[in-house]
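This report describes the strands, core and side-chain contacts of one protein model. Please keep the sequence and the coordinates at hand while reading.

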Amino acid sequence: MTVETNYWSYLLRVWRESAQDPWRAMLEDPHTGERLAFADAERLLAFLNQQFNVENPGETKPPPTRGPQA
């Protein structure tokens, strides 16, 4: 996928065949139509983490927070 400096956009699809199967995922670049398939959530997250680190290699980003900060 083409890496843009300040903005990425993907359509994310997730599914599983049955409750016993792992979740699968697909990212689609809406600009190019390119699709990337992932056999499990760990591979999807590894790809996304790599995308974030392309711009700032070696930089450690804090995990995202949820909800209002106290």
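## Surface patch

L12, V14 and W23 make a nonpolar surface patch of about 310 Å², where a patch consists of residues with over 30% relative accessible area and no salt bridge, like charges being joined within 9 Å and nonpolar side chains (Val, Leu, Ile, Met, Phe, Trp, Tyr) within 5 Å. Accessible areas come from the Shrake-Rupley method with a 1.4 Å probe, and for residues only the protein chains shown count as cover. Of these residues, L12 belongs to strand 1 (residues 11–15) and is partly exposed at a relative accessible area of 47%; buried means under 20%, exposed over 50%, and partly exposed in between (1.4 Å probe, protein chains only).

The model is a predicted one, in which local features need pLDDT of at least 70 and side-chain atom pairs count only at pLDDT 80 or more, while totals for chains, interfaces and linings use all residues. Residues are numbered from 1 along each chain as its sequence is written, and side-chain values use heavy atoms, with hydrogens and water left out.

## Strand pairing

Strand 1 and strand 2 run antiparallel and are paired over five bridges, and strand 2 is also joined to strand 3 (residues 35–38) by four bridges, again in the antiparallel sense.

Strand 2 and strand 3 form a hairpin with six residues between them, and in its turn G33 has a positive phi of about 80 degrees. Because four of the five residues of strand 2 are buried, this strand is largely enclosed by the rest of the structure.

## Nonpolar core

The largest nonpolar core has five residues, namely A25, L27, F38, L44 and F47. Strand 2 (24–28) and helix 1 (41–55) each supply at least two residues of this core. The term denotes a set of buried Ala, Val, Leu, Ile, Met, Phe, Trp, Tyr and Cys residues joined through side-chain atoms within 4.5 Å.

## Salt bridges

Three salt bridges are found in a search of the whole structure, each being a side-chain nitrogen of Lys or Arg within 4 Å of a carboxyl oxygen of Asp or Glu. One of them joins E28 to R13, with the closest N and O atoms 2.9 Å apart; since E28 lies in strand 2 and R13 in strand 1, the pair ties together parts that are 15 residues apart in sequence. E28 is buried, at a relative accessible area of 16%, whereas R13 is partly exposed at 34%.

E28 also meets R35 in a salt bridge, at 3.3 Å from N to O, and R35 in strand 3 is the bridge partner of E28 in the strand pairing as well.

## Aromatic pairs

The structure holds three aromatic pairs, for which rings of Phe, Tyr and Trp (its six-membered ring) must have their centres within 6.5 Å, with planes under 30 degrees apart counted as stacked, over 60 as edge-to-face and the rest as tilted. W8 and F52 form an edge-to-face pair, 5.8 Å centre to centre with 65 degrees between the planes. W8 lies in the segment before strand 1 and F52 in helix 1, so the pair ties together parts that are 44 residues apart in sequence.

Y10 is partly exposed at 23% relative accessibility, whereas F47 is buried at 14%. Ring pairs link Y10, F38 and F47 into a cluster, and F38 and F47 are also among the residues of the largest nonpolar core.

How values were computed
Two strands pair if DSSP finds at least two bridges between them.
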